[in-house]
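Please open the model in the viewer and display the protein as a cartoon.

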Amino acid sequence: MQIILRFIDICMFKAGPADIPASAWLMKLSLLCYFMLSLLINTFEYGFLVSFLASIIEIVFVLFVVNILLQFRGLTNRYLQTIAAIAGTSSCIGIVALPVMMLFHFFEGSEDVRVTVLAAWLMILLTLWSLAVTGHIFKQALAIKQGTAIVIAVAYVILLMTVIRFVITGVA
């Protein structure tokens, strides 16, 4: 329970990846939670097999990109904590996003667009929050300035979406 509170603290910008234990077990557990939530969220848009593939791509992508970034900065000793922080905080935000996604898809196409618009705005806010949290993690893990970290976080998300779209559709 304590580790979940630590992930929430990171989501609230009160802690950083250094506050997560450097544990392979914790990293794997965090990645499993991240995978399961990603799979569940992706099924709102795609079938199960495509969602499964997209979720696998997300996991491999985060492992690869974080490794490259930490190697570039010479900070590979922060790998377990950074991966656990990204996966754990993404899981926390994913739990918040689930009811919003359900709301959005339940009311999609209904005559009362107010609920759909509200859900869309909530998804935009959750996306911005997720970007800010990812930037916060990158800032601390890579020991860089906040602006640089946000640029890396935005580039990371855009590249991830492009890779997933290319693998799924064959068109970037």
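In which helix does Leu 128 lie? Leu 128 lies in helix 5; helices here are DSSP runs of H or I with at least four residues, and strands are E runs of at least two, numbered from the N terminus. This is a predicted model, in which local features need pLDDT of at least 70 and side-chain atom pairs pLDDT 80 or more, while totals for chains, interfaces and linings use all residues. Residues are numbered from 1 along each chain as its sequence is written, and side-chain values use heavy atoms, without hydrogens and water.

**Whole chain.** The C-alpha trace spans about 55 × 35 × 30 Å along its principal axes.

**Core.** Next, select Ile 10, Leu 31, Val 62 and Phe 138, the residues with the most contacts inside the largest nonpolar core, which has 44 residues. Such a core joins buried Ala, Val, Leu, Ile, Met, Phe, Trp, Tyr and Cys residues through side-chain atoms within 4.5 Å; buried means under 20% relative accessible area with a 1.4 Å probe, protein chains only. Among the elements giving two or more residues to this core are helix 1 (2–11) and helix 5 (113–142).

**Around Ile 10.** Centre on Ile 10 and show its contacts (heavy atoms within 4.5 Å). Beyond neighbours within four places in sequence, they include Pro 17, Ile 20, Thr 89, Val 133 and His 136.

**Burial.** Finally, colour by accessibility: 39% of the 172 residues count as buried.

Note on methods. Buried means under 20% relative accessible area, exposed over 50%, partly exposed in between (1.4 Å probe, protein chains only).
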